[in-house]
Structure formats: C-alpha cells, structure tokens
Amino acid sequence: MPEPPRCTGSVNGRELRFSRAMIFAIEEINNSTDLLPGIRLGYEIHDTCASVPVAVKVAFHLSSGQDRVFHTGENCSSSGMVMGVVGESGSTPSISISRIIGSFNIPQVSHFATCACLSDKQQYPTFFRTIPSDQFQAEALAKLVKHFGWTWIGAVRSDSDYGNNGMASFLEAAHREGICVEYSESFYRTNPRSKIKRVADVIRRSTAVVILAFTASGDMRVLLEELARDPPPPRQWIGSEDWVTDPHLLRFSVCAGAIGFGIRKSVIPGLRDFLLDLSPSEVAASPLLTEFWEDAFNCRLGKSAAAGENVCDGTEDIKMLQSPYTETSQLRITNMVYKAVYAIAHAIHNAVCQETNFTTQCDKHSRLESKQVLTELKKVNFSQNGYDVSFDANGEPVAFYELVNWQKTEDGVIQLVTVGYYDASLQMGQEFRINRNLSWVEGGTQVPVSVCTESCPPGTRKVLQKGKPICCYDCIPCPEGEISNATDADDCISCPREFWPNAERNICFPKPVEFLSFDEVLSIILAVFSVGGACLAIITTAVFCCHRTTPIVRANNSELSFLLLFSLTLCFLCSLTFIGEPSDWSCMLRHTAFGITFVLCISCVLGKTIVVLIAFKATLPGNNVMKWFGPPQQRMTVVFFTFIQVLICTVWLVLSPPFAMKNLTTYKEKIILECALGSAIGFWAVLGYIGLLAVFCFVLAVLARKLPDNFNEAKLITFSMLIFCAVWITFIPAYVSSPGKFTVAVEIFAILASSFALILCIFAPKCFIILFQPEKNTKKYLMNRNKL
C-alpha cells in the first residue's frame, strides 16, 4: 500500500486566516435571525497543502458522505451530507476537487482559484467563485502595460494551471495591444534550485526593464529569495493578484515600486477580534492552531516539549504578533471567503426557507440535496456588508480590481497603496482609472521606459528587424514626397499633388508656386533691357524723324525704316508680357504678340533687302523694275507676310490656344506656373514661319552684301540677320532644356537679343553719321561713294 500523502512545511498564516474567516462567517450565520433562522450549519476543514494528491483525497472524502460533519452541541439532521465546498485557494487543486465532486452535483465556491479554465461549464458544471477569473485580470494587465507605453517586457509564471493559463490569456491580450515579450519563463516552488537560478539569470541578463509575474505567492517568494542573492539591475515588476497583494512578500525591496491588480479592500466587522480571540484550550484542541502557535512564538505547547525546548507559558500575546494571520488592514481574499460562505448559506436558505407574513419559516426536517443547493446557488443575488454577490452563467462575479502599488515610506518600509481601479462592467475605454501618483522602481517618480527600440519620431517609419519581434525595428526616414505625422508610423503617406513635405517630413505644406515675377532680380534686369530697348527704338525714330529730309534717311527707304522701328519697339515691349503670373489671357497674348511683331519686323527687313536688290537692278540702263516695287508694293509685301502670321495665330487660338497651367512634374518640391502651348504644332508653326522669313531675308542680304548701295545697308542687314538667326537657332535647344521659369527667361533673352541685333546693326551706324558725322550726310558724299 502506498503511503498516504502528507503535508510538509510550516503553517501558512494567510491560509489559516482564510479558514478562520470561514468559521467566523458560519458562526455569524448560525447566530442570525434573518438567514437560515433555526438552522445551524456544520463544517469540516481540510488542509490540502496546495497539493493535488492531498486535494484529491479530500475530494473523495467529502463526496463519500460517510463522515459526520463537525457540529457544536447539536445533532445535524443531514449529518454526513456535504451541501457545498468553500475553496480551494489554488487553481490546480480546485480543478482536481471540482472534477470529483462535480460528479455528485456538490457545488464548489472558490475564493482564490482564478484560472480562466474553470469558467468552462462543460468541464466544471458545479464550480463557482467569488473572485474574478484571470481572463479579466490578464486583459487588465495588458491594458495597464499598454497604458504606460511598455512594449518590451519579460514574463515569468508559475508552472501550474494558474500560471500557465493566466500567462496564456495575458500573452493573447498583449499581442492584441502590440506588446512584445522578450522571454517567458516558468517555474514552481518545488523545482531544483538550479531551475530557479536559471530563471533568475534570465531576468538578470534581459534588456526588458518591465517584468510581469503571473505567479502564486509561494512561487514568487522562492524566486525573490534567489534574486536577493545577486540582485539584478533595477526592474519594474507587474504582479498578478495572487502575490502582489500578499503582505508577507513586502519585505523584498527588489520589488519596490511594483504595481498590479488586487481584489478590493474590505472591512468585516468583528473579524479581527475573532482572529485574535484564541484561548489556550482552543489552540490546544486544534492540531493546526497548535502548529501555528508553536511556529509563531517558537515554543512548545503542553507536555510534548523535548528537553531543551521552550515551553509556552501562557504569556504569549497574539495581539503583538506580526504575522499574515493577524494582518487585517487590507482584507481582500479574506472577504472572498466570507462572501463564498454567505453565497452557499443563501442558496440553502432559498431551498428550505419561505417568507410568510413578514417572517421567515425554514423546514428543518426536509431532506436537502446538494443538487438543490447547486440550482439555487446559480440564482443568488444579495448584499453583505455592502458587497454585492451574484454569479453569471459561468459562475463568475463582476470583475472589479484595485490597482495597487508597492510604495516605500521615508523609513524604508514598503506599503501596499491603492492608486486606482479597474471595473470590467464599465464601457470599453472607461474601465481603467488611476487616481494617485505612483512610485516606480528605485523610488522614481517618472514612468520607466521599457522598449526594444526607441519610438520612431514623426517623419520616419518603422522597418522590422529581421528575425526579431514586431517591437524591434529600425526608424527609416520617409521617402521623398511622403510624410508620417505620428510616432511609430508603420507607413509613410504621400502628400497631395500640390503639397510637399517640410524638412522633417512630418507635415505637408503647399508647394511654392514659381514663375518669373516682377520682383525678382532677373525679371528686373530683363524688364530694364526691354524698356531700354523700346526707348532706344523711340529715340532712333525721333532722330530719323528730325532728319527725315537728309540724304541718309531718304536713301534708305524712310517709310520701311519707320515701320521697322515701330515693330522693334513692339518687339521690345512684348517681352514684358512674359513676366508676371501667367493667366489664360496673358499666355495667349505673349505668344501671339511675339509671333506677329517679329514677323512684322522681319517683313520690314525683308522689304528693305528687296529694295536694295531691286534698286541696283533699276540703275542698269533700260531697266524700269522699280516701278514694280514701289512704296505701295513694299507696304503690301509687309502686310501680306504679316497677315499670314496673323492667320496662323488665329487658327492656333481658335483650335487649341495656350493656357496657364501648373507644372507638377519638372520639380517635385515646387509648382511651376507656366503657359502650356495648347497646340505644339501652332507654336512651332509660328516660330517656324518667323525662321523661314529670317532665313529668306538672310539669303537675300547675303546676295546683296557686295552691291555698292548707299552706306552699305545690305551688309548691315546681312550682319543683323546673321545674329538674329544665330540667336534663334541657339534658342531652340536652350528653350527645350531650360527648367521652370528659366524657360521664360530664355525666351525673353532671345527676343531682346535679336531685337537689339536688328536695331544696333541696321540703325546704329546711320544714327552715328547723322549725329556725329553730318559731313557724310550729304548728297555729294553719297554720290561720290556710289562711284567708288
């Protein structure tokens, strides 16, 4: 026969307080005139020692119905029949007990078994609890971690149903919150020290500052004792309810600043006096109390003391004892025991008692079965000492936690301070509240930072590091034209077409609009040359007008000269239409004005060239060709050539005119406001027609360059047209390749350069003679030169 399982180790003062609180509640109920009047509840207390084999033995014992229950002076009518079980504290023993007694429909109400697995009514149909499931605590812990911005944490857990299931629920909730776990280690208090040391070494070497411990208090004590041998770097602990509210663990300074969730503090009137009211006879009558007493005061009761051992002499004062048993300042789980007892009592009350005429009548002799108690337990809803008690379909209470913080006082003592709460019954986003300042690791007042990678600032995006969790990433600047305006952005977003990022790439600003405006230095220079050229043409006109009767003016076809000067004035002024913000009207004006005025100008030069050629022909004997190209024909030639250009421009404007547009492609970071050609064919037709006339005029001028004309005008025209053609041939590639507003500047430069070439080459020599060499401006001088 195998040896029956036995308990080892000393008495747990906290668990002893729980059992005594159960006795206190039962005695309160037995003395009540409202709840179960005339009926006394009996009880039997078993110590499972947090051991599954012992728990199984106890479960079978309770299910057999053979032993009489404990009673005080009266026989119980239902002696030996267990109506309900309060306990166990641990989840794993509770699972073993529930699987056995559940087959007998015996309800079990636990005060401390929080494993979410026990919510499964298919497997545990008779299990209830007055403490919330770890599912609620795990979700609350994940929200707590997220609230403080911790994305890189370590995790340790008890290698039990409580720790494994609780950690699994937490990891699932943490994943939804975007929290990464550097490591997750499990252990149990009975593991070899080498195993505990390995877990402690993992904590010491880790980079995560925050550690979540989902452990039972007994397991946590073993781990903290190992860590105390060689304290790790400062770590911020987050605790599950089981250990973070255990006053026995507050002596470990390595956990100072720990935070976690605990069951709400409560007050049970009369309980402290009951716990401290232990007579020597009562202690001696209970082996459990005897063991506790002897351990607490380091003495031996009765005559069992061996030689040399201290004997308890009766002067021991339990009121002066500092022990978890006497610690009643923060009753949390104790109240869960208290409510569990009252829940079973109310279920029995509802099964055997009836309210009649403002009185309660209970049938003392009815044969009550545990199944009836189970049925009524599902429906209980009452309030005791201001605490509501009810169960949902899964046998769960409403989840409500206090947020507790281990705060060190000025004298170095760690106290458990309530700093907030978590109420699962509130709407999402409103369940969690913090209403006091927290103390952090090493007494700090600033929230510690625990991240794998520092947050990526706006203007960058996260790129995951290969083989690392999602919380480990590199911060990469946003590509050109994109921004991120949030911290830890996963992707950058493109700015709208007319916007561009700032230097930090976190805001989209409207792109600067660029065009050749009048307030730019380049525009001012071009405008000065434009107006200066027009003034020069006007001054030349005035000089020619004042000396229109002189031979040099008359000999060079004064009518065409004045018309040419007029067209040059327009050519100079039309360059001003290219400066300023483009609009549809200005775009149409600048191109047509440029095309028509230049054709008018070239037509006049062409007319003068033809006149030179024909004039030479007319000087030959018997040649009367000048009558075919007199002033009327010259005017008609100019009008004809100009009309063709007017016709081309008209067709262009009617079919597809130029228009103002925003160029978003040449530069990504700015908008070029420019004139679109509308029809490229129209533009190049206008330009080509000017070029055709210029080439034709140049060819005729070359042919006439050696003719002995007056003041060598054919040579002057040849030179001017050579410059003109060179300028516009150079203009074409420069125009095509110039970016933005410089395209317009190149066009203006070509207009001004060709205009200055014409006026300086054709009229400057004549004006010089008229103004500074009047002796050459005579008919005699002209005639003598022609004879040369």
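Predicted model: local features only at pLDDT ≥ 70, side-chain atom pairs only at ≥ 80, totals over all residues.
User: Which residue forms a salt bridge with Arg 176, and is Arg 176 buried or exposed?
Analyst: The partner of Arg 176 is Glu 139, with a distance of 4.0 Å from N to O. The pair links distant parts of the chain, since Arg 176 belongs to helix α5 (residues 161-176) and Glu 139 to helix α4 (residues 134-147), 37 residues apart. Glu 139 counts as partly exposed at 25% relative accessibility. For Arg 176 the relative accessible area is 52%, and because exposed means over 50%, the residue that pairs with Glu 139 is exposed.

User: Where does Asp 230 lie, and which arginine forms a salt bridge with Asp 230?
Analyst: In this salt bridge the closest N and O atoms of Asp 230 and its arginine partner are 3.9 Å apart. Asp 230 is in the loop between α7 (217-229) and β7 (236-239), while the partner is in helix α6 (residues 193-205), 26 residues apart, so that the pair links distant parts of the chain.

User: What is the distance between the closest N and O atoms in the salt bridge of Arg 221 with Glu 225?
Analyst: Arg 221 and Glu 225 both lie in helix α7, where four residues apart is about one turn of the helix. Arg 221 counts as partly exposed at 27% relative accessibility, and Glu 225 is partly exposed as well, with a relative accessible area of 32%. The closest N and O atoms of the two residues are apart by 3.3 Å.

User: Is Leu 377 buried or exposed?
Analyst: Leu 377 is found in helix α13, which covers residues 370-377. Leaving aside neighbours within four places in sequence, Leu 377 is in contact with Pro 107, Val 109, Phe 128, Ala 343, Ile 344, Ala 347 and Phe 391. Its relative accessible area is 0%, and because a residue under 20% counts as buried, Leu 377 is buried.

User: Which side chain makes a polar contact with the side chain of Thr 418?
Analyst: Thr 418 lies in strand β14, residues 414-423. Not counting residues up to four places away in sequence, Thr 418 touches Lys 265, Arg 332, Glu 402, Leu 403, Val 404 and Arg 436. The polar contact, at 3.0 Å between the side chains, is with Glu 402.

User: How many nonpolar residues are in the lining of the second largest cavity?
Analyst: Rolling a probe the size of a water molecule over the atoms shows where empty space is left. By class, one lining residue is polar, one is charged, and the number that are nonpolar is six.

Definitions and conventions
Residues numbered from 1 in each chain as written. Heavy atoms only, no water. Nonpolar A, V, L, I, M, F, W, Y, C, P; charged D, E, K, R; others polar. Helix = DSSP H or I, 4+ residues; strand = E, 2+ residues; numbered from the N terminus. Buried < 20%, exposed > 50% of the residue type's maximum accessible area, 1.4 Å probe, protein only. Contact = heavy atoms within 4.5 Å. Salt bridge = Lys/Arg side-chain N within 4 Å of Asp/Glu carboxyl O. Polar contact = N/O pair within 3.5 Å; in protein donor to acceptor, adjacent residues only side chain to side chain.
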